[in-house]
Amino acid sequence: MVATPHSLSTGQQPQHSLPRPFIESRELGQIDPQTTQDETSITPAPASRRPWAHFVAGGLGGMTSATLTSPLDVLKTRLQSTFYQSQLAAARQAKGIPPPHQLPFLRASWLHIAETGQILAQIPKVEGWRALFKGLGPNLIGVVPARAINFWAYGNGKRVYSSLFFAGEENSTVHLLSAATAGIITGTATNPIWLVKTRLQLDKQNSRQGRQYRNAWDCVRQTLRAEGVRGLYRGLSASYLGVSESTLQWVLYERAKRSLALRSADLLASGREPTTWDKTVEWTGKLTAAGGAKFVAALITYPHEVVRTRLRQAPVDAHSGRVKYRGLWSCFVTVFREEGMGALYGGLVPHMLRVVPSAAVMFGVYEGVLRGLGESAAV
């Protein structure tokens, strides 16, 4: 008697099923491991996603990079401030050097680099080496939650936007929307911390007056007493303008990562042995991508950094006793009119020296911690 499907008892399965055609990999020519002949998947089911992993990874990345680059952050903030710009202007006048905007580009650039080196050398001589880490406490208090919130909002924002609008596919629009959302959330949540950090870094800039703030909490108290709650949010408009920088950085970084992934796939498909250069790109590609993306984004959007620092300074003009910068546009116009275009790029050199390696370290730690937690940066 020939067994038919109807003659098999309930729950019984045929001992042998017809083999399905093998699916070959384009790269390796091997059998696709997703399925076997008995239809049983051998690929483990993906673990449940952990949104908090982005929060932890971003916080650790931000803490590491902020600590390593703190001296350059102090230097950058001082070069962006009104007080140090006036000091530099007085020193140039005493030496008979014209303002930077009246000099040829190369000479103005070299002058900026020389002045940056002089101030960096003077800080430990005049104030001691601890001054190179002034504001690191509130900086870490700001960096850890700021980076944690930013990476959390970006990593999970990609998942939300891709699911809502692009059927789960990741693309540049998803990156742009996620980065913009993350920047706005982060800026709003952490602006008071950055304001305190900026004012502490600019404190004791006049030795005759002594220190204005004893510590971060005293800075908060004095700000609230003199300026109210709104005082803690000075520079927020410039922070929102700075969302363009973080958005551009994320988009460039994701595009660079995609290019690296395509390069690896092409190398695998070619079947050739990886060269030393191929291995170098494999190990350093993401770090270079993170640093390069930050370099381009920061260079394009840097003036907002100067304006943000000016708006966060104690806002009363020393000569007139009135508020000097009434808002974002007022600050842009006043700085440009009184100090020239070069002032909008004050502190650019130490800023670049800090943010490029900082971004490489931060993104490297972020990606590494995610892998350690069994999570992926992809959607």
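## Exercises on a helical chain

The axes of helix 2 (residues 70–80) and helix 4 cross at roughly 110° and come within 10 Å of each other. This is a predicted model, in which local features need pLDDT of at least 70 and side-chain atom pairs count only at pLDDT 80 or more, while totals for chains, interfaces and linings use all residues. Residues are numbered from 1 along each chain as its sequence is written, and side-chain values use heavy atoms, leaving out hydrogens and water.

**Exercise 1.** Work out how helix 2 and helix 4 are oriented to each other, and which residues meet.

*Solution.* Start with the terms: helices are DSSP runs of H or I with at least four residues, numbered from the N terminus. Axes are lines fitted to C-alpha atoms over the stretch in contact, with angles from 0 to 180 degrees between N-to-C directions. Next, apply the class: helix 2 and helix 4 are roughly perpendicular (65 to 115 degrees). Their crossing is right-handed, the near helix being turned clockwise from the far one by less than a right angle. Then list the contacts (heavy atoms within 4.5 Å): Val-74, Leu-75, Arg-78 and Leu-79 of helix 2 meet Thr-116, Ile-119, Leu-120, Ile-123 and Glu-127 of helix 4. Finally, sort them: six are nonpolar, one is polar and two are charged. Here Ala, Val, Leu, Ile, Met, Phe, Trp, Tyr, Cys and Pro count as nonpolar, Asp, Glu, Lys and Arg as charged, and the others, Gly among them, as polar.

**Exercise 2.** Is His-351 buried or exposed, and which residues does His-351 touch?

*Solution.* Begin by placing the residue: His-351 is in helix 13 (residues 348–372). Its relative accessibility is 1%, so His-351 counts as buried (under 20% relative accessible area, with a 1.4 Å probe and protein chains only). Leaving aside residues up to four places away in sequence, His-351 touches Lys-76, Ala-298, Tyr-302 and Glu-305.

**Exercise 3.** How many helices and strands does the chain have, and what share of its residues is buried?

*Solution.* Count the elements: there are 13 helices and zero strands. Then turn to burial: 40% of the 379 residues count as buried.

Definitions and conventions: Helices (H or I, at least four residues) and strands (E, at least two) are DSSP runs, numbered from the N terminus. Buried means under 20% relative accessible area, exposed over 50%, partly exposed in between (1.4 Å probe, protein chains only). Angles under 35 degrees count as roughly parallel, over 145 as roughly antiparallel, 65 to 115 as roughly perpendicular and the rest as oblique.
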